[in-house]
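Here is a friendly note to read with the model open beside you. Take the points one at a time and find each residue as you go.

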Amino acid sequence: MATATDNSLEKRQQIAIQLRRWILQITTNAGSGHATSSLSAVELMAELLFGGHFRFDVHHPDAPNNDRLIFSKGHASPLYYALWTAAGQVDRQQLENYRQFGSLLEGHPTSRFPFTEAATGSLGQGLSVGVGLALAAKMDQLDYRTFVLLGDSEMAEGSQWEALQIAAQYRLNNLVGVIDVNRLGQRGETMYGADLHQYQKKVEAFGWQTVVVGDGHDFAELSEAYHRAAASAEQPTMLIASTTKGKGVSFLEDEDGWHGKALDDDQMHAALEEVGLGDPNIRGELTAPNDRHPLTVLPADAEQLEHRLGEEVATRTAYGDAIKRLAPQYPEMVALDAEVSNSTRAKFFADSYPNRFFEMFIAEQNMVGAAVGLGQRGKIPFVSTFAAFLTRAFDQIRMARHSDANVKFVGSHCGVSIGADGPSQMGLEDIAMFRSVQESVVLYPSDAVSTQRLVEAMMNHHGISYLRTTRGETPVIYACDEQFEIGGCKVLRRSDRDRYTLIAAGITLHEALAAHSILLEEGITVRVIDLYSIKPLDHATIRKAADATETLFTIEDHVPEGGIGEAVLTSLSDHRTPVRCLAVRKRPLSGASERLLDDQGLSAEKIVAAVKAVADSN
């Protein structure tokens, strides 16, 4: 059972005073930080944590039924860290290291701070992560709630409304948003200023219960609001609170020009006098949650892999088969798709495991954010859509890295080889995008067996990974017992007389193999490498090829910038062997796949021509 706390109204008021003092002190000490944005939300968060609404076992911070708190307005980190100090979980001396190199208390929260549910600071993302956390609670039959502090400025972000509508769709009554309507943004008044009704009617239109708080600094009114939020039976709830930016300091209150600006020492001392004397030793108590544990599902054996050599199977189809086949072995696997599951083949999983599949509709930014939330609660999310459409969620993807998120991305319909749909549907930048994410994994299988094995490898790898799949069918070239590891590659054609090396992946590997046969008939021997792991790269094998052959050719259905060619060039930056990069270098058109590959110089015939041109020039 939950335990009661000893947090009287008077004590909460005293905590609020000390929170303000810490906010002012640490931002002045750092010479930067968002003091005024933190001051406006002091009572909003002090009431939540210390008014008995937020259930968290400080002795067991990893307890599965602990409530979750996300500061979507991550720039209010001075308040965030001060709250955990008031809760007795951060030593007050640590606060002095705010924003200092090496400190866990960074300018905006990341996973380095142990109480951070997800990294925030790029606005408009916290609510989506909250959706994922709330979905995980429903799956695990836990009754924890997720609270998300939102800034009024970030409510202009489209991703917020993506999150709002999906939260209502899934009836996430365990999700509570809190909009801090302090009227002022970074450069002036926000879109709706202090008009609470504008937020109310829009949020209600998206299917949420709203609770309007006329004075977001009044503990009694806030207490009632949080109690009303807890009473919602079927809807998520949004508290919409009127606050004052810079609250507690007369020369900061509702004044423009102070966003992200620290006070100097004299201003800080004057501000502290107005705030009043605090007690740096004051600590509030958090209510412990009910002792509940997640629903446990035991793993079962996956079916054996069955494919015949030469069988024609699209790698997107193999992906769908893989997640369906592996689902019993990995009960924590979930899948999310953006209304294209019949094309990505995530539908195979959805049909067999509907309770573990989440239709996120055409809202890719929210889909990625929700996947991060699910992953933070121990799920293994696979996120799929057309590769081209993942680009619009790149901000969420790059921020996921700062949450140490464990999310698997799958992009289908890659390159010009998709054919007649035209350039708007062609993923041509996806490899570059995912390669740019630190510590990411980028994989590009060429047949059904390699796809299945690489999905297994992704499953057992913690972190952000990306699998690129092909729309059209390709022949199976690997036996079912072939092993594929992250960071590896396969040398498919090799001899002691190889003059050139062809390095390809996915659809272009089959063109490279065809080119090998043509060149061999003409007396030109080439090595062929399946670079299925683009990041990390098998540097040793690539270097051996560079040592043994005169020229390397990279062949990719992707723009040259940031793709396979650049990955190989970087690996061989100190090597004398030249690298020729065949890639999508001009604006693609609609047409048949074979014609489009040929037009871009990626067909077997054009690869042969490129090799012969180099041979003739030597």
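How many aromatic pairs does a search of the whole structure find? The search finds 24 aromatic pairs, and point 2 looks at some of them.

1. Before we start. This is a predicted model, in which local features need pLDDT of at least 70 and side-chain atom pairs count only at pLDDT 80 or more, while totals for chains, interfaces and linings use all residues. Residues are numbered from 1 along each chain as its sequence is written, and side-chain values use heavy atoms, with hydrogens and water left out.

2. Aromatic rings. A pair of aromatic rings is described by the distance of the centres and the angle of the planes. Rings of Phe, Tyr and Trp (its six-membered ring) pair if their centres lie within 6.5 Å; planes under 30 degrees apart count as stacked, over 60 as edge-to-face and the rest as tilted. The centres of the Phe71 and Tyr80 rings are 4.9 Å apart and the planes stand at 50 degrees, so this pair is tilted. Phe113 and Phe115 also form a tilted pair, with 5.8 Å from centre to centre and 55 degrees between the planes. Ring pairs link residues into a cluster, among them Phe54, Phe56, Trp84 and Tyr226.

3. The open sheet. Helices (H or I, at least four residues) and strands (E, at least two) are DSSP runs, numbered from the N terminus. Two strands pair if DSSP finds at least two bridges between them. Here 7 strands form an open sheet with mixed pairing, in the order E8-E7-E9-E10-E12-E11-E17. Strand E8 (357-359) and strand E17 (533-535) stand at the edges with a single partner strand each, so one side of each is left without a neighbour in the sheet. On average, neighbouring strands of this sheet are turned by 20 degrees against each other, direction ignored.

4. Strand E7 (residues 333-337) pairs with strand E9 (residues 380-386) in the parallel sense over 5 bridges. For Asp337, the bridge partner in E9 is Ser384. Helix H14 (residues 364-376) packs on the sheet and touches E7, E8, E9 and strand E10 (408-412), where contact means heavy atoms within 4.5 Å. The direction of H14 makes about 165 degrees with that of E9. For such angles, axes are lines fitted to C-alpha atoms, for helices over the stretch in contact, and the angles run from 0 to 180 degrees between N-to-C directions.

5. Salt bridges. A salt bridge is a side-chain nitrogen of Lys or Arg within 4 Å of a carboxyl oxygen of Asp or Glu. By this rule the count is 27 salt bridges. In one of them, Arg20 meets Glu43, with the closest N and O atoms 2.7 Å apart. Arg20 lies in helix H1 (residues 9-30) and Glu43 in helix H3 (residues 42-50), so the pair ties together parts 23 residues apart in sequence. Arg20 is buried, with a relative accessible area of 7%, and Glu43 is buried at 7% relative accessibility.

6. Another salt bridge. The side chains of Glu364 and Arg392 meet at 3.5 Å, N to O. Glu364 sits in helix H14, and Arg392 in the loop between helix H15 (387-390) and helix H16 (394-401), 28 residues apart.

7. Just after H3, Gly52 takes a positive phi of about 90 degrees.

8. Leu602 is found in the loop between helix H22 (593-599) and helix H23 (604-617). Leu602 counts as buried, at 0% relative accessibility. Not counting residues up to four places away in sequence, Leu602 touches several residues, including Glu511, Ile555, Leu582 and Ile607.

Terms used: Buried < 20%, exposed > 50% of the residue type's maximum accessible area, 1.4 Å probe, protein only.
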